[in-house]
Amino acid sequence: PQTGVKLLFGSVKEHHVTLPNQSEPWDMKQLLVWIRGNMLKERPELFVQGDTVRPGILVLINDADWELMGELEYELQDKDNVVFISTLHGG
C-alpha cells in the first residue's frame, strides 16, 4: 500500500505553487485549505485535522518552525518556502 507523500500528493515531493490573486494576503490557514482542495489526492485527514495540520507534521516557513512565525496567521510572502515534514514513520 502507498503511504505518506505517495498517497497524499501522487508521489510528487516538491511543488512550486502560484496561488490565485485575492484582495487580502494569503495566510497559512488559507494555504492549508487550498492544498486540501487542490493538491491532496487521497486521504486528506492524514495531512489536515480541522483547520490545521495534524499532529506529527512539522511545518517550516523559510527554514523556521512555523510556531515562531505565527502558525495559521502567518501571511505568506512572495517566494516563501513552506515545508511539511512528517515526524511519523512512513512519512
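A contact is counted where heavy atoms lie within 4.5 Å. The structure is a predicted model, in which local features need pLDDT of at least 70 and side-chain atom pairs count only at pLDDT 80 or more, while totals for chains, interfaces and linings use all residues. Residues are numbered from 1 along each chain as its sequence is written, and side-chain values use heavy atoms, with hydrogens and water left out.

The protein chain has two helices and five strands (DSSP runs numbered from the N terminus: H or I of at least four residues for helices, E of at least two for strands). From the N terminus, the order is α-α-β-β-β-β-β. Of the 91 residues, 25% are buried (under 20% relative accessible area with a 1.4 Å probe, protein chains only; exposed is over 50%, partly exposed in between).

An open sheet is formed by three strands in the order β4-β3-β5, with antiparallel pairing (strands pair if DSSP finds at least two bridges between them). β4 (64-65) and β5 (82-86) are at the edges with a single partner strand each, so one side of each lacks a neighbour in the sheet. Between the antiparallel strands β3 and β5 there are five bridges, and L58 stands opposite I85 in β5.

P55 lies in the loop between β2 (52-53) and β3 (57-61). P55 is exposed, at a relative accessible area of 58%. Leaving aside residues up to four places away in sequence, P55 touches Q49 and L88. The C-alpha atoms of P55 and T87 are 9.0 Å apart, with the two residues separated by 32 residues in sequence.
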